[in-house]
Amino acid sequence: MDKQIVAHAWLWRGIENLYLGFKLDGHWRHYEPFFDYMGIELLGKAFILAELSSEYESLKDQEAKHKIDEIAKDIGHDLKSIFEKVNNFMGQDKINQILGCDFDSFTGNQFVRVLEAGYIEARYPVPVSIAHEFPLEGRPGIY
């Protein structure tokens with residue numbers, strides 16, 4: 001199993017999820033954060049799986065698929081953990097530098113926190129949405 005095929009499959013699934021996150025509207029809009037989160041998760045896993053290719057490239061197809069599945073499940077769903085793994089492969093603390101940057105008045109770390117909260121909010125009712133931490137200036141009641 002070639003690492004480029006694996007990375008490509010995971011990247012495309014991530015892009016599909018991000019597309020859905022931006023495309024959903026109407027009644028399904030509350031699922032946007034779920035797909036945004038999943039898209040970022042899958043992109044990170046694509047990178048990690050490519051870096052760990054020595055664990056599956058020499059295996060037969062079905063064995064490789066099981067190994068890839070095992071690796072992906074072991075990685076889990078926690079974005080901070082995924083980013084940490086990516087950062088370890090990239091070195092030079094690049095991910096933490098990105099997370100510390102300001103993007104249109106939000107830091108990368110705030111973005112991750114919002115994605116994590118939105119992922120939960122899309123799946124379960126919560127008492128207070130993460131959106132309430134980010135009111136739009138001059139627009140009362142809009143977040």
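Six helices and two strands make up the protein chain. Helices here are DSSP runs of H or I with at least four residues, strands are runs of E with at least two, and both are numbered from the N terminus. This is a predicted model, in which local features need pLDDT of at least 70, side-chain atom pairs count only at pLDDT 80 or more, and totals for chains, interfaces and linings use all residues. Residues are numbered from 1 along each chain as its sequence is written, and side-chain values use heavy atoms, with hydrogens and water left out.

**Whole chain**

Start with everything selected. From the N terminus on, the elements run α-α-α-α-α-β-β-α. The C-alpha trace spans about 60 × 35 × 25 Å along its principal axes.

Of the 143 residues, 34% count as buried. Buried means under 20% relative accessible area, exposed over 50%, and partly exposed in between (1.4 Å probe, protein chains only).

Now colour by charge. There are 15 positive and 23 negative side chains, and the centres of the two sets lie 3 Å apart. Lys and Arg count as positive, Asp and Glu as negative; His and the chain ends are not counted. Each charge is placed at NZ of Lys, CZ of Arg, CG of Asp or CD of Glu.

**Stop 1: E41**

Select E41 in helix α2 (residues 32-51). Is E41 buried or exposed? With a relative accessible area of 2%, E41 is buried. Leaving aside neighbours within four places in sequence, E41 is in contact (heavy atoms within 4.5 Å) with G76, H77, L79 and I82.

**Stop 2: E63**

Move to helix α3 (residues 61-75) and pick E63. E63 has 45% relative accessibility, so this residue counts as partly exposed.

**Stop 3: helix α4**

Select α4, residues 79-90. Its 12 residues reach 16 Å from first C-alpha to last, close to the 16 Å expected at 1.5 Å a residue. That expected span is 1.5 Å times one less than the number of residues.

Which residues of α4 are buried? They are L79, I82, F83, V86 and N87. These lie on the same side of α4, because they cover an arc of only 135° around the axis. The arc is that of the directions from the helix axis to the C-beta atoms.

Turn to the other side of α4: K80, E84 and N88 are exposed there. Next show what covers the buried residues, which includes α2, α3, α5 and α6. Just after α4, stop at G91, with a positive phi of about 75°.

**Stop 4: helix α6**

Select helix α6, residues 108-123. Its 16 residues should span 22 Å at 1.5 Å a residue; the end C-alpha atoms are 23 Å apart, which agrees.

Highlight the buried residues of α6: G108, V112, L115, E116, A117, G118, Y119 and A122. Their cover includes α2, α4, α5 (94-100), β1 (102-103) and β2 (106-107).

**Stop 5: P127**

Finish in the segment after α6, at P127. P127 is exposed, with a relative accessible area of 84%.
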